[in-house]
Amino acid sequence: MSAVNEAKSGVLGAIGNTPLLRLKHASAETGCEILGKAEFLNPGMSVKDRPALNMILEAERRGQLKPGGLIVEGTAGNTGIGLALVANARGYRTRIVMPNTQSQEKVAFLKACGAEVVQVPAKPFSDPQQYQHVARRIAEELAEEEPAGVLFADQWNNLDNRAAHYSTTGPEIWEQTGGAVDGFICAVGTGGTLGGVSTYLRQQKAGVTIGCADPAGAAMYHFFTSGEAKATEGGSVAEGIGLGRSTVIVEDVSVDVAWTIPDAEFMPVLFDLVAREGLLLGASAALNVAGAIRLARELGPGHTIVTILCDSGARYQSKLFNPEFLRGKGFDVPSWLED
């Protein structure tokens with residue numbers, strides 16, 4: 001086979017088919033096989049490349065976008081990056097609205113991709129100035145003057161987001177484990193990953209255990225345990241996760257176990273992943289691994305647990321790997337980061 005025949009079809013062909021990585025320390029600690037889906041190896045360095053691709057392709061199929069069209073989205077950053085990369089490859093422009101609390105690395109990456117970035121003050125979802133509402137209004141206003149069309153990606157309510165994980169992430173996990181997966185757990189940002197993967201895996205294996213790892217201050221723990229989307233106490237340093245309400249993406253999702261996992265539990269995992277596994281990841285990945293450890297202990301030794309390694313720690317060097325930031329939040333600073 002020639003090198004040309006083996007080549008991927010540009011950046012779109014490089015999205016997905018990420019490897020499963022065995023996390024040796026967590027596996028040895030629990031007696032289970034704990035595997036992380038290496039989503040940080042996607043072109044945009046996050047799991048959000050998958051829904052970004054599917055949302056754009058499906059919008060094209062429906063005739064919502066024409067060459068030169070505009071994509072607008074409200075995002076904590078990673079979905080915007082995925083959208084910007086796919087948009088460039090498909091001949092579209094992007095305007096990204098995000099809260100001004102997100103890491104400077106995400107903003108810089110978006111601008112480097114050619115996206116127009118609009119930063120707004122962080123507000124609760126109930127406030128009309130919250131970034132998702134601002135993005136929707138921008139998309140509606142521009143739709144009247146953009147001849148090639150405007151797509152408001154709306155990852156929070158767009159079922160093409162969830163479908164991306166049903167059609168790619170779930171089948172990949174099933175194939176890569178040879179059907180031996182006993183449990184899957186991850187956090188909820190929009191719910192697309194949890195909803196899509198859990199639906200697929202349950203269709204293949206009725207006994208698979210599905211879990212939700214929720215950061216403090218989010219509402220999915222209560223939603224999945226009591227049916228009420230009520231926030232738990234506190235907050236978290238994790239960006240891009242922590243849904244505070246029921247949406248069309250999560251409303252019919254069911255999980256077997258749900259936990260609120262505090263920063264004090266997953267931050268040591270974040271640094272263990274660097275020191276023991278050679279993996280520099282973001283806080284959401286560490287929270288997911290902490291959840292996988294809990295699920296492994298719940299199920300007992302001998303089980304195979306899969307979770308999502310969402311994005312690269314390179315996105316958070318100014319925060320999670322910054323001694324000043326860590327001390328300000330009351331976290332221990334790893335020895336290799338000491339000034």
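**Reading pockets, rings and strands**

Student: Which residues lie nearest the centre of the second largest pocket, and how many line it?

Tutor: His 25, Glu 29, Val 269, Asp 272 and Ile 293 lie nearest its centre, and 15 residues line it. This is a predicted model, so local features need pLDDT of at least 70 and side-chain atom pairs pLDDT 80 or more, while totals for chains, interfaces and linings use all residues. Residues are numbered from 1 along each chain as its sequence is written, and side-chain values use heavy atoms, without hydrogens and water.

Student: How is a pocket found?

Tutor: Rolling a probe the size of a water molecule over the atoms shows where empty space is left. On a 1 Å grid over the protein atoms alone, a pocket is an open set of points with protein on both sides within 12 Å along at least five of seven lines; a cavity is a set where a 1.4 Å probe fits but cannot get out; lining residues have an atom within 4 Å of a point. Points join across faces, edges and corners, and a volume is the space filled by probe spheres set on them. Here the second largest pocket holds about 190 Å³.

Student: Which helix gives the largest share of its lining?

Tutor: α11, with seven residues. α3 (24–30), α11 (263–277) and α12 each supply at least two. Helices (H or I, at least four residues) and strands (E, at least two) are DSSP runs, numbered from the N terminus. By class, the lining has eight nonpolar, one polar and six charged residues. Ala, Val, Leu, Ile, Met, Phe, Trp, Tyr, Cys and Pro count as nonpolar, Asp, Glu, Lys and Arg as charged, the others, Gly among them, as polar.

Student: What is the volume of the largest pocket?

Tutor: About 780 Å³. Gln 102, Tyr 131, Gly 240, Ile 241 and Gly 242 are the closest to its centre, out of 35 lining residues. That lining has 19 nonpolar, 12 polar and four charged residues.

Student: How many cavities of 30 Å³ or more are there?

Tutor: One. Of its 28 lining residues, Val 47, Lys 48, Gly 189, Gly 240 and Ile 241 lie nearest the centre. α9 gives the most to this lining, with three residues.

Student: How do I read an aromatic pair?

Tutor: A pair of aromatic rings is described by the distance of the centres and the angle of the planes. Rings of Phe, Tyr and Trp (its six-membered ring) pair if their centres lie within 6.5 Å; planes under 30 degrees apart count as stacked, over 60 as edge-to-face, the rest as tilted. The whole structure has four pairs. Tyr 166 and Tyr 200 are edge-to-face, at 5.7 Å centre to centre and 75° between the planes. Tyr 166 lies in α8 (residues 159–176) and Tyr 200 in α9, so the pair ties together parts 34 residues apart in sequence. Phe 271, Phe 321 and Trp 336 form one aromatic cluster.

Student: Is strand β3 buried or exposed?

Tutor: Five of the five residues of β3 (residues 70–74) are buried, so the strand is largely enclosed by the rest of the structure. Buried means under 20% relative accessible area, exposed over 50%, partly exposed in between (1.4 Å probe, protein chains only).

Student: Which strand does β3 pair with over five bridges?

Tutor: β4, in the parallel sense. Two strands pair if DSSP finds at least two bridges between them. Glu 73 stands opposite Ile 96 in β4. β3 also pairs with β6 (residues 150–152), parallel, over three bridges.
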